[in-house]
Amino acid sequence: MTTPAAGGPAVLPRRSPWGDAARRFSRNRLAMFGLILLLCLGFIALFADVLAPYEVGQAFRTQRAYLRPFINPDHPLGLDGAGRDYLTRLIYGARTSLLVGLSVPLISFLIGVPLGALSGYRGGWIDFVIQRLVDVATAIPPLLFALFLLSVVGSGVENVIFVLAITGWIEPLRLTRAQFLAYREKDFVLSARALGATDLRIIAGHILPNAISPLLISFTFAVPLAIFAEAGLSFLGIGITEPTASWGKMVGSGIGSSVLVYYHVALFPTLLVAFTMLGFSFVGDGLQEALDPNRSR
Amino acid sequence: MTGYILRRLLALLFVMLVVSVIVFVLMNAVPGGPFSLGERGYTPDALANLERKYGLDKPLVERYWNFLSGALQLDFGYSFAVAGSPPVTEVILRAWPVTLHIGLYTIMLSFTLGILMGIVAAYRRNTWIDNLVTFTATLGITLPSFIIATFLLILFGFQNGWGDNPREWIIPPLFPGTAPLLATDYFLPVFTYALAPLALVARYTRASVADALSADYVRTARAKGLTDRRIMFRHVLRNALIPMVTVLLPQIPNLLTGSLFIEVVYGIPGLGKFFVTSITNRDYPMIMGLVLLVAFLWGITYLITDILYTLIDPRVRLTGRGSA
């Protein structure tokens, strides 16, 4: 509104809502810590091939396969039950976790957001049909349904992603629908409609930008949930198949009578899962505070 | 109100029907069958006989029809995989109370302790006690239950010299005159299961109470010279805990249908464990029975939740028109 006069006495720095949010976020120490944690993790996952000392499936011993960590400098974190270098397994596990953790919310948001937008904006019979679809999809707990679907399509990384995405699109749909219901009758939408904007333009150009921050926050919280679910399914032995490394599967294989001696098998992936979760929840909390200043304290 | 409930019940019935069709078709779409799994080594003749005995040789539509007509009389047939092939209804009636017991204890523990922790943390904001609550809450949210369960098993079982058979760890009775509890039956599962909802409840309570504490009516109450206690109970808690209902109630169906991981790790014969084993064994009748039960429980608890909202907050109307 005010164009600062060149050389005027008080030139205000240009401020945008996103710039403000970024500033609030960077001042939040926990959120920045979480972000750094996630960046490290992303780096490890991305450059797993370079960082890992050995091949994922390479077995070094077949007899008495386990090796405790910090004993043999060739295998600083020891060997697992199949005689594979544990450091390598952990590094590749990061790749699996992040792959599942990012692609599952991405796919489920790609399904849920358009459906939710349509349902909330149009209402009427479209809303009715989509809502009945939601009713059916939420009839059983998502994890149980994922478990069942996985038994139908079989194990493996792609199938785990598929199954979790199929059960994950409800949340983004509900959220988007609620946002669109709230904005549908707002003045700026009415005026856009009066000016003859198409529905697609109103949905994508006018309402969605206003609804983006709760969706973004929800996305950040959906990532750790997907990682959680993958780890859980693999822990039960029906998620990721060998030789792909998965932290959840590694925790599961570490449990048994030898857990006190070969503690590393269960302990290290547990710590990594916990740090990943911590990173995402700190970043999510930080985003929530940065994007929604009314709610923050 | 009655009309609304009836409509919701009808909708639930419809949803259960659709879910049963989907699950039935998907389940049977996988090649092979329950009796061709693994190294059972049935001869083709024996296999055909078994399939005839359980009606698996009939076309899909006829089998679904048979299932449906049985299910309407609460008869889901006989389990393929549970020892002695008992009726599915019997297995469920045995398993559900176990899950329910753990769920109810979990609700009591997590809700009371969580609300208490949240209130204290909000009241003593930015002190060590607030940090402790926040730390516990973060831990409960960031650690998957199966990991917590595993480490508790290690910690309690091995470190206390209780031996390596969890079924032998016994907790002395809580009240005189009651039976002692198996550690794995109640104490450890409830503790593990409660951690996540506890964390959630504590977080929301803290936020909600902190919100109310900074509200204008609290400042007014302070200005009037009311005591801290009176402000807390009369003004803050009343306003802060009502919105909590929206957080608490959706947790309940989750807790009543049990956790897969906790039941698998602790070896609890509840719904969750049977769900996993019947899926891996392709125990068709058990899968159908369990899916329908879970769908029913979820639907009913959500319905009750919605009704409770209207009782607590008179602004919410169920039908959207007229009186609720």
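Student: What makes up the run of elements in chain A, from the N terminus on?

Tutor: The elements run α-α-α-α-α-α-α-α-α-α-α-α, and the count for chain A is 12 helices and 0 strands. Helices here are DSSP runs (H or I, at least four residues) and strands are E runs of at least two, numbered from the N terminus. Keep in mind that this is a predicted model, where local features need pLDDT of at least 70, side-chain atom pairs count only at pLDDT 80 or more, and totals for chains, interfaces and linings use all residues. Residues are numbered from 1 along each chain as its sequence is written, chains are lettered from A and ligands numbered from 1 in the order in which they are written, and side-chain values use heavy atoms, with hydrogens and water left out.

Student: Why is the pair A:D285 and B:R203 called a salt bridge?

Tutor: The term asks for a side-chain nitrogen of Lys or Arg within 4 Å of a carboxyl oxygen of Asp or Glu. For A:D285 and B:R203 the N to O distance is 3.0 Å, so the pair meets the rule.

Student: What does the pair A:D49 and A:R95 tie together?

Tutor: Their side chains meet in a salt bridge at 3.4 Å, N to O. A:D49 lies in helix α3 and A:R95 in helix α4 (residues 86-122) of chain A, so the pair ties together parts that are 46 residues apart in sequence.

Student: How many residues does each chain bring to the contact?

Tutor: Chain A brings 36 residues and chain B brings 38, with contact meaning heavy atoms within 4.5 Å. The buried area is about 3300 Å², and carbon and sulfur atoms give 85% of that. Buried area is the accessible area (1.4 Å probe) that two parts lose on being put together, summed over both.

Student: What makes A:F43, A:I44, A:L46, A:F47, A:V50 and A:L51 a nonpolar patch?

Tutor: A patch takes residues with over 30% relative accessible area and no salt bridge, and nonpolar side chains (Val, Leu, Ile, Met, Phe, Trp, Tyr) are joined within 5 Å. These residues form such a patch on the surface, with about 570 Å² of accessible area together, by the Shrake-Rupley method with a 1.4 Å probe, where only the protein chains shown count as cover. Two or more residues come from each of α2 (29-46) and α3 (48-51) of chain A. α2(A) gives the most, with 3 residues, and A:L46 lies in this helix.

Terms used
Patch = residues over 30% accessible without salt bridge, like charges linked within 9 Å, V, L, I, M, F, W, Y side chains within 5 Å.
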